[in-house]
2 protein chains.
Amino acid sequence: MVKKTEKTREEKILEITKKIEVLGKDLIAEINRQENPHLDIPIRGSNNVFFDEQNKKIQLGDKKSKRYLFNVAHARRFMQTMLVASYVKKDLLANNLTATLRDLYYAKKHTIKGTKEDTIDEQKESDLAIVDFEVALETFRERLHLRAEPKGRMAGDMVVLDRVRDKVDKIDLSKMGSGGWAVPSIVEQIEFQDVGIEYVLVAEKNAIFDRLNEDEYWAKNKCLLMTTAGQAARGARRLLQRISDEIKVPIYCLTDADPYGWYIYSTMKYGSMALAHESDRLGCPQMKFLGMSISDIEHYDLKAVTIKAKDVDIKRAEEMKNYDWFKYPAWQKEIDKFLDKKIKAEIQSLSSKNLQYISSTYLPEKIAGKDFLP
Amino acid sequence: MVKKTEKTREEKILEITKKIEVLGKDLIAEINRQENPHLDIPIRGSNNVFFDEQNKKIQLGDKKSKRYLFNVAHARRFMQTMLVASYVKKDLLANNLTATLRDLYYAKKHTIKGTKEDTIDEQKESDLAIVDFEVALETFRERLHLRAEPKGRMAGDMVVLDRVRDKVDKIDLSKMGSGGWAVPSIVEQIEFQDVGIEYVLVAEKNAIFDRLNEDEYWAKNKCLLMTTAGQAARGARRLLQRISDEIKVPIYCLTDADPYGWYIYSTMKYGSMALAHESDRLGCPQMKFLGMSISDIEHYDLKAVTIKAKDVDIKRAEEMKNYDWFKYPAWQKEIDKFLDKKIKAEIQSLSSKNLQYISSTYLPEKIAGKDFLP
């Protein structure tokens with residue numbers, strides 16, 4: 001098992017390094033042919049984003065733009081993309097190190113010799129160059145050894161093998177106390193072992209993780225419990241995708257009953273417009289929305305503990321109603337119900353019944369009745 | 001070991017339950033004497049906050065206010081404080097359960113029979129009643145089984161025993177992979193075992209945790225590594241205090257070189273004005289500021305990667321200069337240097353040297369040279 005991880009990681013580094021070399025050699029060939037060196041970069045604007053209904057993913061289309069070195073409008077970003085390529089290949093992959101986008105910015109920011117021009121003024125620029133480079137290579141930043149901010153915690157009857165350099169740790173997620181295991185930034189190296197779970201319950205809120213962990217919910221119900229602590233980080237999304245694909249257990253999502261909760265869910269499931277090029281690696285199309293739904297408010301008699309929707313909620317709901325990935329009749333009905341009643345509810349509003357109502361009644365009922373939204 | 005934790009937890013519950021009963025009996029005695037029932041509540045305003053120089057803590061003074069039931073200005077808050085008392089005693093302590101402030105709000109919010117008056121309109125009200133109740137009982141909310149939002153991750157050569165209800169988990173913090181162990185909301189039940197650390201390094205940023213963890217810094221340097229992921233959560237602060245008191249190793253703090261970093265540090269070390277009543281339980285007076293200092297910018301030749309200070313930074317620095325807990329000559333010099341140069345630096349700016357400079361050079365040099373600020 002350990003050997004396998006090792007090989008996989010080295011293979012991955014080799015694979016991406018080769019891709020970068022091919023890209024570099026193509027550029028050199030162009031230079032040798034005295035052509036204007038260029039990169040083909042898939043367009044990421046909304047006019048090149050579509051919803052792939054069959055695969056349930058928000059995807060980039062085929063449109064590409066050519067970025068030339070000898071073009072005043074392109075030269076700066078071309079140079080920045082090359083700085084990214086050099087940093088990724090020579091500093092990160094060659095040394096088997098990972099870094100943040102900010103590290104890259106600091107490392108490659110300098111004044112170009114003999115000029116007053118800086119290679120990078122603001123991190124925004126190098127961040128965009130990184131995305132250009134990802135899509136040009138048809139890969140994602142974690143494979144380039146670039147880390148995003150981690151967030152999220154897990155507990156459940158499962159062992160993960162995680163590797164830091166040459167050290168492989170065997171982490172028993174059923175023995176993480178009240179804290180849980182912190183979901184890392186990069187999860188490519190993780191392997192799953194001793195899997196005793198029948199589904200994954202991913203909650204938007206830390207408070208729900210703490211409640212269900214204290215109630216021993218995951219042990220009693222044979223599930224893996226995860227909180228994303230708000231909008232899910234890349235590491236958490238990728239890990240959910242991998243669990244869905246590799247362990248093949250259902251993934252149920254639990255958010256507040258409001259448009260922001262729906263957004264958190266849909267981003268984890270389908271990807272997002274802004275990161276459409278990443279849906280393949282970050283989306284989790286098998287995910288189901290367990291709750292809390294607007295219908296739950298009536299069904300569980302929570303009217304007294306609802307919150308009046310704000311204008312921004314209404315506006316967001318109206319937008320979402322038109323998204324292709326919310327066109328399912330069940331979702332249209334849900335959104336209409338929200339727009340009609342103009343109330344939202346937090347998942348913690350179940351505490352108005354009693355503190356353990358969520359683990360003793362609400363979740364078991366919803367799961368047994370398969371009361372999900374698509 | 002396990003037995004001991006169990007007893008301690010039960011003892012703690014018993015102790016606080018008794019305190020609540022005494023408070024309740026005093027009120028009933030007043031009622032029986034036909035007096036106006038009242039609570040003595042320490043005043044938390046800035047005119048009752050002082051810096052205890054000897055114990056290095058921002059503390060509450062002796063001033064108390066009396067809150068009466070039969071006083072139109074007091075009655076509502078008096079009632080809300082009683083709701084808090086009832087929830088803590090009957091719902092939480094009696095069942096050995098914990099809850100969030102929001103759970104309490106939802107549980108105790110209702111329309112008073114025969115009126116149109118709600119017990120609690122907004123959570124702000126019950127939150128204030130909770131603080132009243134904490135200070136009146138001379139305790140802190142974790143002992144009342146109230147959870148705050150958790151944040152932070154840890155790794156290092158140490159074992160912690162953590163307990164969820166009757167289950168005790170033995171967590172080896174040296175085998176947490178790239179994620180780390182998530183610091184829980186409540187850490188009262190935690191015990192330390194097999195301690196192989198010589199100091200604690202607490203970093204403001206997740207990115208620094210990831211960098212140092214990948215560089216195997218904590219293993220090579222026999223330290224416990226923690227990130228607070230921004231302003232430290234209560235659980236992280238309490239845990240640092242307990243490690244400092246019980247394991248008696250130095251605690252070094254690593255933040256950006258800016259007033260916000262100093263604020264994060266000073267809150268962990270001394271407590272804060274707003275939570276002066278909690279400094280005893282959350283402060284960590286032995287903590288030292290390792291960096292990054294404004295002086296480091298010169299010393300490590302980082303001028304090219306500094307950031308221009310904003311007006312809000314300058315204003316904050318000018319305020320902090322007057323705080324009693326920043327009156328140390330070394331800090332006054334540091335703040336003056338900042339106000340003079342008007343530049344700040346992020347800890348990641350060290351990545352402009354090389355990615356591992358922080359773990360190979362910066363930290364070892366600073367620690368060996370005892371280059372700390374008080």
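## Contact and sheets of chains A and B

The contact between the two chains takes 44 residues from chain B and 44 residues from chain A. The model is a predicted one. On the side of chain B that touches chain A, the elements that give two or more residues are strand S5 (99-100), helix H3 (101-108), strand S8 (159-164), strand S9 (167-172), strand S10 (181-182) and helix H5 (206-214) of chain B. Of these, H5(B) gives the most, with 5 residues. By residue class, this side of chain B divides into 16 nonpolar, 13 polar and 15 charged residues.

The relation between the copies follows.

Strands of a sheet pair through backbone hydrogen bonds, and the pairing may be parallel or antiparallel. In chain B, 3 strands form an open sheet in the order S9-S8-S11, and their pairing is antiparallel. The edge strands of this sheet are S9 and strand S11 (191-193) of chain B, each of which pairs on one side only. From one strand to the next, the twist averages 30 degrees. Within the sheet, S8(B) and S9(B) pair in the antiparallel sense over 6 bridges. One residue pair can be named here: B:Val164 has B:Lys167 in S9(B) as its bridge partner. Strands S8 and S9 of chain B are also among the elements that give two or more residues to the side touching chain A.

In chain A, an open sheet is likewise formed by 3 strands in the order S9-S8-S11, with antiparallel pairing. Strand S9 (167-172) and strand S11 (191-193) of chain A each have a single partner strand, so one side of each is left without a neighbour in the sheet. Neighbouring strands of this sheet are turned by 30 degrees against each other on average, direction ignored. Strand S8 (residues 159-164) of chain A pairs with S11(A) in the antiparallel sense over 3 bridges. In S11(A), A:Gln193 is the bridge partner of A:Val159.

| Strand pair | Sense | Bridges |
|---|---|---|
| S8(B) and S9(B) | antiparallel | 6 bridges |
| S8(A) and S11(A) | antiparallel | 3 bridges |

Terms used
Residues are numbered from 1 along each chain as its sequence is written. Chains are lettered from A and ligands numbered from 1 in the order in which they are written. This is a predicted model: local features need pLDDT of at least 70, side-chain atom pairs count only at pLDDT 80 or more; totals for chains, interfaces and linings use all residues. Two residues are in contact if their C-beta atoms, placed from the backbone, lie within 7 Å. Helices (H or I, at least four residues) and strands (E, at least two) are DSSP runs, numbered from the N terminus. Ala, Val, Leu, Ile, Met, Phe, Trp, Tyr, Cys and Pro count as nonpolar, Asp, Glu, Lys and Arg as charged, and the others, Gly among them, as polar. Two strands pair if DSSP finds at least two bridges between them. Axes are lines fitted to C-alpha atoms, for helices over the stretch in contact, and angles run from 0 to 180 degrees between N-to-C directions.
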